[in-house]
Amino acid sequence: MKLLLDNPVEDELVFRSSIFALLTGFRFSALKILKWGDFHYSTSLNAWYVYIIDPKPERSFKHYISHQALHILGGKQDGDKLVFPDLSYHHVRAKLKEWFSKVGLEKKAKFHNWRHKYATDLIEKGEDIYIVSKMLNHKHVKTTQIYAKVPDTNRAKAAGKATIHHLN
């Protein structure tokens with residue numbers, strides 16, 4: 001990740017949509033239809049969320065996002081315009097290949113990998129897989145388990161908790 005951020009792609013739309021996907025876990029299809037009017041703020045939670053009909057499962061989705069995710073977009077704008085106008089899968093795919101090749105990661109040059117990284121990062125930071133599953137709008141946690149490889153550090157930490165206090 002550091003390599004990619006230290007060597008950003010020169011296409012602003014590709015960079016911003018990629019980083020936003022990394023910070024939110026949104027699929028490409030969701031970013032393509034995302035409008036500024038879909039962003040809302042909860043004062044009671046001090047949190048931003050996006051409310052959309054998620055294209056892939058075709059169901060409504062209330063997705064909380066970080067303040068940093070909104071910041072990468074330059075802040076919320078008014079109106080019902082697309083957040084990422086002219087977002088083309090073929091253009092993004094080509095630019096991702098260039099960007100990833102520049103840092104020696106050509107095999108990872110898929111937009112969907114931002115979603116995988118989002119899930120893995122949350123799990124590595126200790127977030128419950130059930131919550132991550134809901135944040136990805138998965139119907140079943142089994143789908144999230146496929147995405148999220150549980151890192152050795154988490155497994156080793158969990159193994160360390162399996163102790164019996166009254167045993168030598």
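Reader: How many bridges join β1 to β2?

Author: This is a predicted model, and its sheet is open, with the strand order β1-β2-β3. The strands β1 and β2 run antiparallel. One of the contacts between them pairs H40 with Y49 of β2. The number of bridges that join β1 to β2 is four.

Reader: Which strands stand at the edges of the sheet?

Author: The open sheet has three strands in the order β1-β2-β3, with antiparallel pairing. Two of these strands have a single partner strand each, so one side of each is left without a neighbour in the sheet. The strands at the edges are β1 (39–42) and β3 (59–65).

Reader: What is the average twist from one strand to the next?

Author: The pairing in the sheet β1-β2-β3 is antiparallel. From one strand to the next, the twist averages 30°.

Reader: Are R27 and D54 buried or exposed?

Author: R27 and D54 form a salt bridge, and their closest N and O atoms are 3.0 Å apart. R27 lies in the loop between α2 (12–24) and α3 (28–33), while D54 belongs to strand β2 (residues 47–54), so the pair ties together parts that are 27 residues apart in sequence. A residue counts as buried when its relative accessible area is under 20%. Both R27 and D54 are buried.

Reader: By what distance are K2 and D6 separated along helix α1, in helical turns?

Author: The side chains of K2 and D6 meet in a salt bridge of 2.8 Å, N to O. K2 is exposed, with a relative accessible area of 61%, whereas D6 is partly exposed at 48%. Because the two are four residues apart in helix α1 (residues 2–6), their separation is about one helical turn.

Reader: What is the relative accessible area of K117?

Author: K117 and D121 are four residues apart in helix α6 (residues 112–124), which means that about one helical turn separates them. Their side chains meet in a salt bridge, with 2.8 Å from N to O. K117 is partly exposed, and its relative accessible area is 30%.

Reader: How many salt bridges does the structure hold?

Author: Among them are the pair K2 and D6, the pair R27 and D54, and the pair K117 and D121. In total, the number of salt bridges in the structure is five.

Reader: Which residues make the nonpolar surface patch of about 260 Å²?

Author: One of the contributing residues, Y130, has its place in helix α7 (residues 129–135). The patch is made by Y130, I131 and V141.

Note on methods
Residues numbered from 1 in each chain as written. Predicted model: local features only at pLDDT ≥ 70, side-chain atom pairs only at ≥ 80, totals over all residues. Heavy atoms only, no water. Patch = residues over 30% accessible without salt bridge, like charges linked within 9 Å, V, L, I, M, F, W, Y side chains within 5 Å. Areas by Shrake-Rupley, 256 points an atom, 1.4 Å probe, with all protein chains shown as cover. Salt bridge = Lys/Arg side-chain N within 4 Å of Asp/Glu carboxyl O. Buried < 20%, exposed > 50% of the residue type's maximum accessible area, 1.4 Å probe, protein only. Pairing = 2+ DSSP bridges. Axes fitted to C-alpha atoms, helices over the stretch in contact; angles between N-to-C directions.
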